[in-house]
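Here are my notes for you, written as numbered points. Have the structure open while you read, and look up each residue as we get to it.

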Amino acid sequence: MLIGTKITMGPFVPEDYGAMYCWANDIAAARLDGAFRPVNLVDVVRQFENAGNDQSRVMFAIRKRAETAIIGYLHVQNISSVHRSADISIRIGEEKNRGQGYAKEALTMALDYCWGT
């Protein structure tokens, strides 16, 4: 687990899947990432359960420090150890948690993780 001043980043737990499903089907938030395509719960669960088997990506659940509820996630994908490159995406799920500096801290922690691992 990665521990920051405002957040922690670590593995997903089954209690996270409901929130992840809702965020994946949030049309307004999805438009920030690209074209919206609705997903079903089975696909969401499969994506996060299989993430650990793919060496080209790593995913972290973002939580406020000392809280168990997920507030977002960070996804490092297309990892190339040869080219020392990757793509990073972040989603802070609910509007009330945006603009609080959580994504900024998550990105800083992720960059430290990527360069140090």
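1. Let's start with a quick one: is Lys96 buried or exposed? Lys96 counts as exposed, because its relative accessibility is 61% and the cut-off for that label is over 50%. Keep in mind as you go that this is a predicted model.

2. Lys96 has a charged partner. Its side chain meets that of Glu94 in a salt bridge, at 3.7 Å from N to O. Glu94 comes out as partly exposed, with 37% relative accessibility. As background, side chains of opposite charge can pair when their charged atoms come close.

3. How many salt bridges are there? The count comes to four. Another of them joins the side chains of Glu95 and Arg98, 2.8 Å from N to O. Here Glu95 is exposed, at 57% relative accessible area, while Arg98 is partly exposed at 25%.

4. Now find helix H3, where Asp43 and Arg46 sit three residues apart, so about one helical turn separates them. Their side chains form a salt bridge too, with 3.1 Å between N and O. Asp43 is partly exposed at 35%, and Arg46 is also partly exposed, at 44%.

5. On to the rings. The structure holds one aromatic pair. The ring centres of Phe60 and Tyr113 are 5.2 Å apart and the planes stand at 85°, so this pair is edge-to-face. It ties together distant parts of the chain, since Phe60 belongs to strand S3 and Tyr113 to helix H4, 53 residues apart. Phe60 is buried, with 8% relative accessibility, whereas Tyr113 is partly exposed at 25%.

6. S4, S5 and H4 each supply two or more of the lining residues, and H4 gives the most, with four. By class, you'll find nine nonpolar, five polar and two charged residues in this lining.

Terms used:
Residues numbered from 1 in each chain as written. Predicted model: local features only at pLDDT ≥ 70, side-chain atom pairs only at ≥ 80, totals over all residues. Heavy atoms only, no water. Nonpolar A, V, L, I, M, F, W, Y, C, P; charged D, E, K, R; others polar. Phe/Tyr/Trp six-rings, centres within 6.5 Å; stacked < 30°, edge-to-face > 60°. Buried < 20%, exposed > 50% of the residue type's maximum accessible area, 1.4 Å probe, protein only.
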